[in-house]
Amino acid sequence: MSIAIEKASALLSKFPAMKVDMGKLKSTEATLAAAGVVGTVAAVQMFTDWDPIGRCLVFWKQLRAHEKRLTCAGSVQEGADGYLGLHGEEDVAVRNSQYKKLVNAYYDLATVFYER
């Protein structure tokens, strides 16, 4: 798009009587691009059985439900304390029995840190 704007700017510079604000030209292109995307989604929504809007809503709902199930959903500090507490156990048998909780806590904390 920037090449088109440069060409348009070069062409308009040859005609000093025509004053065009390049900022408005860029916003017009952005508006047309957004309208094209919205139009395409609307056409797919209405004329096919793919249902992109419904699928997005289901996906967002699933993400939110997953976020609520994280071991550190209430507080990152509580989640970190719980994770570190799993390392503090000296009895190997107890630690081995809690490996699944340890792994889930680790990945939940990593997910929270990555997403924020």
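A nonpolar core is a set of buried Ala, Val, Leu, Ile, Met, Phe, Trp, Tyr and Cys residues joined through side-chain atoms within 4.5 Å. Keep that idea in mind for the first close-up; everything shown here belongs to a predicted model.

**View 1. The largest nonpolar core brings together 6 residues.** Look for Leu-70, Cys-72, Tyr-83, Ala-105, Leu-109 and Val-112, which make up this core. Helix H6, covering residues 99-115, is the top contributor to the core, with 3 residues. In soluble globular proteins, nonpolar side chains tend to be buried together.

**View 2. A closer look at Ala-105, one of the core residues.** Which residues does Ala-105 touch, leaving aside those up to four places away in sequence? Its partners are Thr-71 and Tyr-83. Tyr-83 is also a member of the largest nonpolar core.

**View 3. The salt bridge between Glu-67 and Arg-64.** The structure holds 1 salt bridge, and this is where to find it. The side chains of Glu-67 and Arg-64 meet here, with 2.4 Å from N to O. Where do the two partners sit? Both belong to helix H3, 3 residues apart, which is about one turn of the helix. Glu-67 has a relative accessibility of 33%, so this residue counts as partly exposed. Arg-64 counts as partly exposed too, because its relative accessibility is 45%.

**View 4. Asp-51 and its positive phi.** Most residues other than glycine have a negative phi. Asp-51 is not a glycine, yet its phi is positive, at about 55°. Find Asp-51 in the loop that links helix H2 (22-47) to helix H3 (52-69). Is Asp-51 buried, exposed or partly exposed? Its relative accessibility is 33%, and the range for partly exposed runs between the 20% limit for buried and the 50% limit for exposed, so Asp-51 counts as partly exposed.

**View 5. Stepping back to the protein as a whole, with 6 helices and 0 strands.** Read from the N terminus, the elements follow the order α-α-α-α-α-α. How much of the protein is buried? Of its 116 residues, 10% are buried. Among contacts with a separation of 6 or more, 41% join residues 24 or more positions apart. The protein exposes about 9600 Å², and carbon and sulfur atoms supply 63% of that area.

How values were computed. Residues are numbered from 1 along each chain as its sequence is written. This is a predicted model: local features need pLDDT of at least 70, side-chain atom pairs count only at pLDDT 80 or more; totals for chains, interfaces and linings use all residues. Side-chain values use heavy atoms; hydrogens and water are left out. Buried means under 20% relative accessible area, exposed over 50%, partly exposed in between (1.4 Å probe, protein chains only). Helices (H or I, at least four residues) and strands (E, at least two) are DSSP runs, numbered from the N terminus. Contact means heavy atoms within 4.5 Å. A salt bridge is a side-chain nitrogen of Lys or Arg within 4 Å of a carboxyl oxygen of Asp or Glu. Accessible areas come from the Shrake-Rupley method with a 1.4 Å probe; for residues, only the protein chains shown count as cover.
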